[in-house]
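Please keep the sequence and the structure in view while reading.

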Amino acid sequence: MTDKVLFKGGTILTLDHKLGVLNGADLLVEGSKIAAVEQTIEGVDAEIVDAAGMIVMPGLVDTHRHTWQSIIRGIGSDWSLQTYLQSIYFGNLGSKRRPEDDYIAQWLGAVEALDAGVTTLLDWTMINSDEHTEQLIAGLRASGIRARFAYGSPGEESYWNRESRLDLAAKAEEVKNAYFASDGELVTMALAIRGPEFSSWEATVAEIEAARRLGLVCSMHLGFGNWGAQDRSVTKLHKAGLLGPDLNIVHGNAIANEELELLRDFGGSLSITPEIEMMMGHGYPVTGAAIEHGVTAALGVDVVTSTGGDLFAQMKFALQAERAKENQRLLDEGIMPEQVPLSTKQMLEAATIEGAKALMLEDKIGTLTPGKEADLIMLRCDDVNLLPVTDPFGAVAQAAHPGNVDSVFVAGKAKKRNGQLVGIDKDRLKKQAVEARDFMLSSR
């Protein structure tokens, strides 16, 4: 049996600046990697996938998702940030999970992402015990998604306060050695730290240094809410010599322009979760300013307790929030806007290659470039909400939704075909998810 798959006749959005967009073109996968992207590929012994009438593009990259919360989906649709924190942390819902609940939550959350065309995510975790750690990792691996498993602290007050000197350094090394001996697996490790706005400075430094020692992406919530502008945390990190491309800052709504310049010059990425930020009270999304200042700006869903688990919606929220802000500024000056800020192409980059950069995976994913991993999705162009496709970037970023995702491949393996998930027992998934949800809610 051949390990080659040839996608024929698709509209290929490579997101590779050199390759661009190819109409009616072919893409060859060999094993787990993209072997060629050309107008016509002939004479290859391969499984043929008819991509005519499809947009073929890189899988979407979600750089910030609390995946375990899939089993309490929708519970916080009317929550503010303060309500969310008090409901999830500090001995509340997040502490009620059994290890087996975490397994099904991760499996469900990752399958939800795959179904919506998300082939890679950073799972920002809340760890309750060693047994929970094992099951969280196992649930991700069972789904077949590509993920950064960001090991994090328990959601208890002893950790989540500005005086807390507790740190994850020793435990992170233990987990890395136990579960992540190879960086060649689909699920690899990152570190989810509280950062200087939710723990002591000493703990922050210890955890960043541990992440660097272990070669891990280090992600923290920072620079939002009514304390974000006052704390100037990016400036503090810079003065301490701690900025670098391995630091991922989540939200960053209130960081100043000069701090964006520091991120650009010394490295570091932003994970922007526009819908949740606008809903919960983090602040206005920093998307436009981050891109304008040359910062790696990526997207995330954040929490499905309050929104859906797809990045199509987040692309639209990010675009329209930025456009509305700039349009209103001009209108207030008596000027009718003539051009809208940000392009759909820039937003698609935020959901693909910029996300890959934020997770330090740009050498593997994010574009359909020969030599990279074959993480790709296909969207049906003949669905009535996309028909006829005139501008493929606009179609994806402004009109598409998860129902348009026909096929999903991760490392060359099909996870969804013809609109149906592959190898997923939906009845079992539903039964276990409902049981886990009911247990958690009954234990409050």
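## A buried tyrosine

A residue counts as buried when its relative accessible area is under 20%. The model described here is predicted. In this model, Tyr151 has a relative accessibility of 4%, and therefore Tyr151 counts as buried.

Where is Tyr151 found? Tyr151 lies in strand β8, which covers residues 146-151. Leaving aside residues up to four places away in sequence, Tyr151 touches Thr125, Ile127, Thr133, Leu168, Lys171, Ala172, Val175, Met189, Ala190, Leu191 and Ala192. Tyr151 and Asn177 are separated by 26 residues in sequence, and their C-alpha atoms are 13 Å apart in space.

Strands of a sheet pair through backbone hydrogen bonds, and the pairing may be parallel or antiparallel. In this model, eight strands form an open sheet with parallel pairing, in the order β6-β7-β8-β9-β10-β11-β12-β13.

The pairing of β12 with β13 is parallel and runs over four bridges. Within this pairing, Ile272 stands opposite Leu299 in β13.

Helix α3 (residues 130-143) lies across β7 (118-124), β8 and β9 (187-193), and runs at about 165° to β8. Helix α5 (residues 201-214) lies across β9, β10 (218-222) and β11, and runs at about 165° to β9.

## Strand β1 and its partners

Strand β1 comprises residues 4-13 and is mostly covered, since seven of its ten residues are buried. With which strand does β1 pair in the antiparallel sense? The partner is strand β2 (residues 21-30), and this pairing extends over seven bridges. Here Ile12 stands opposite Leu22 in β2.

Strand β1 also takes part in parallel pairing. It pairs with strand β4 (residues 47-50) over four bridges in the parallel sense, and the bridge partner of Val5 in β4 is Glu47. With strand β5 (residues 54-58), β1 forms a parallel pairing over two bridges, in which Thr11 has Ile55 of β5 as its bridge partner.

## One buried face of helix α8

Helix α8 spans residues 257-266, and its residues Glu259, Leu260, Leu262 and Leu263 are buried. Viewed down the axis of α8, these buried residues fall within an arc of 155°, so they line one face of the helix. The buried residues of α8 pack against α7 (233-239), β11 (247-251), β12 (269-272) and α10 (287-292). Just after α8, Gly267 takes a positive phi of about 100°.

## The crossing of helices α11 and α14

Helix α11 (residues 311-332) packs with helix α14 (residues 392-399) at an angle of about 95°, and their axes are 7 Å apart. Because of this angle, α11 is roughly perpendicular to α14.

Which residues make this contact? Helix α11 contributes Phe312, Met315, Lys316, Leu319, Gln320 and Arg323, while α14 contributes Val396, Ala397 and Gln398. By type, the residues of the contact of α11 with α14 divide into five nonpolar, two polar and two charged.

Technical notes. Residues are numbered from 1 along each chain as its sequence is written. This is a predicted model: local features need pLDDT of at least 70, side-chain atom pairs count only at pLDDT 80 or more; totals for chains, interfaces and linings use all residues. Side-chain values use heavy atoms; hydrogens and water are left out. Axes are lines fitted to C-alpha atoms, for helices over the stretch in contact, and angles run from 0 to 180 degrees between N-to-C directions. Angles under 35 degrees count as roughly parallel, over 145 as roughly antiparallel, 65 to 115 as roughly perpendicular and the rest as oblique. Contact means heavy atoms within 4.5 Å. Ala, Val, Leu, Ile, Met, Phe, Trp, Tyr, Cys and Pro count as nonpolar, Asp, Glu, Lys and Arg as charged, and the others, Gly among them, as polar. Buried means under 20% relative accessible area, exposed over 50%, partly exposed in between (1.4 Å probe, protein chains only). The arc is that of the directions from the helix axis to the C-beta atoms. Two strands pair if DSSP finds at least two bridges between them.
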